[in-house]
Amino acid sequence: MFYENFVTFSTYAEDQSYASCPFHEDKTPSFTVKMDTEEWYCHSCGRGGKEVEFIMEYFDVPKDTARYAWKVFQKKGELPFPTQQLVDKYRQQLKERQREIDVLKGFGITDEI
């Protein structure tokens, strides 16, 4: 199931799976997925939808980007977003390039960002 890439389900009922919601602090599992429709809903924060809406919320991307990502996932089994490992690699490479850092600072991008 697609959602297992992002949440760990703790309870399974006959037609629903339950997990802690990835969009807010959750002490008890309030995130549910209906097994027959793959629709998700959080009974705590009220968010819900299908895979595209989940991608929009999880990655904070617009709907057209989420649709594209879902199509890629259906074909390749992975989303077209960089992994944390890749982000860390590029961050380290950037730290070693003072000239590029100076250009970014000229645009108002700080070391914190």
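I'll start with K71, which is exposed, with a relative accessible area of 52%. That counts as exposed because the cut-off is over 50%. Keep in mind that this is a predicted model. K71 sits in helix 2, residues 63–76.

Next, the salt bridges. Side chains of opposite charge can pair when their charged atoms come close. The count here is five salt bridges. One of them joins E53 and K63, with 3.7 Å from N to O. E53 belongs to helix 1, residues 51–59, and K63 to helix 2, so this pair ties together parts 10 residues apart in sequence. E53 is partly exposed at 24%, and K63 is partly exposed at 37%.

Another salt bridge links D88 and R91, whose closest N and O atoms are 3.1 Å apart. Both residues are in helix 3, residues 84–95, and because they are three residues apart, about one helical turn separates them. D88 is partly exposed at 35%, as is R91 at 44%.

Now the aromatic rings. How many aromatic pairs does a search of the whole structure find? It finds 21. Among them is the pair of Y3 and F31, which is edge-to-face, with 6.3 Å centre to centre and 70 degrees between the planes. Y3 lies in the segment before strand 1 and F31 in strand 3, so the pair ties together parts 28 residues apart in sequence. Y3 is buried, at 0% relative accessible area, and F31 is buried at 0% too. Both residues belong to one aromatic cluster, whose members also include W40, W70 and F81.

Conventions. Residues are numbered from 1 along each chain as its sequence is written. This is a predicted model: local features need pLDDT of at least 70, side-chain atom pairs count only at pLDDT 80 or more; totals for chains, interfaces and linings use all residues. Side-chain values use heavy atoms; hydrogens and water are left out. Helices (H or I, at least four residues) and strands (E, at least two) are DSSP runs, numbered from the N terminus. Buried means under 20% relative accessible area, exposed over 50%, partly exposed in between (1.4 Å probe, protein chains only). Rings of Phe, Tyr and Trp (its six-membered ring) pair if their centres lie within 6.5 Å; planes under 30 degrees apart count as stacked, over 60 as edge-to-face and the rest as tilted. A salt bridge is a side-chain nitrogen of Lys or Arg within 4 Å of a carboxyl oxygen of Asp or Glu.
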